[in-house]
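Visitor: I would like to learn how charged side chains pair up in a protein, and I hope you can take me through an example step by step.

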Amino acid sequence: MTISTVMPEVHEPGIITGETGTQRLVGYVIDVRDRSVARCWLDVGPQHLNRHNVLHGGIATMLLDSACGATASLTVDARGTAPFLTVSLTTQFVAPAREGRVTAVGRLTGGGRSLLYITGELRDADDCLIATGTGVFKKVPAERLT
């Protein structure tokens, strides 16, 4: 397996946009200005809603995955762009989110040399908890980056 790297668009230090096709398609932003946690936010519009007019669960999970993965990256790279693979991710949905900004935050909870354990929370602009997640993340070995 070969993993290609794409240089992210950085419009201000610590703000990552357009790094991946998914990020460009969905429109979320990764904020790694706080070197201990990463944040991932999305301005939810009609294109992000499910048939019940609330944020699609897959997009909520993707935001948690991105925030947790970037948090893992911050443990080895101050820019938050070192690639990590999601080994597992469990999401619990707590409340619906409608249009407006939602923000996922990842927090390192443990790990060792090869695996990191990260938890995440997704909240809306009113600080209402939308979803939580727990995941295991593994750094991509340098030889896999060619």
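Visitor: How many salt bridges does the structure hold?
Guide: This is a predicted model, and what we discuss here was computed from its atoms. Side chains of opposite charge can pair when their charged atoms come close. Counted over the structure, the salt bridges number seven.

Visitor: Which parts does the pair of Glu12 and Arg33 tie together, and how many residues apart in sequence are they?
Guide: The side chains of Glu12 and Arg33 meet in a salt bridge, with N and O at 3.3 Å. Glu12 lies in strand 1 (residues 9-12), whereas Arg33 lies in the loop between strand 3 (29-31) and strand 4 (39-44), so the pair ties together parts whose separation in sequence is 21 residues.

Visitor: Which residue is linked with Glu12 and Arg33 in a network of salt bridges?
Guide: Glu12 is partly exposed at 39% relative accessibility, and Arg33 is partly exposed as well, at 44%. The network of salt bridges that links these two residues also includes Asp31.

Visitor: How far apart are the closest N and O atoms of Arg39 and Asp34?
Guide: Arg39 is partly exposed, with a relative accessible area of 29%, and Asp34 is partly exposed with 31%. These two residues form a salt bridge, and the distance between their closest N and O atoms is 3.9 Å.

Visitor: Does Asp127 count as buried or exposed?
Guide: Asp127 meets Arg123 in a salt bridge of 3.8 Å, N to O, and Arg123 counts as partly exposed at 24% relative accessibility. Exposed means over 50% relative accessible area, so Asp127, at 52%, counts as exposed.

Conventions. Residues numbered from 1 in each chain as written. Predicted model: local features only at pLDDT ≥ 70, side-chain atom pairs only at ≥ 80, totals over all residues. Heavy atoms only, no water. Salt bridge = Lys/Arg side-chain N within 4 Å of Asp/Glu carboxyl O. Helix = DSSP H or I, 4+ residues; strand = E, 2+ residues; numbered from the N terminus. Buried < 20%, exposed > 50% of the residue type's maximum accessible area, 1.4 Å probe, protein only.
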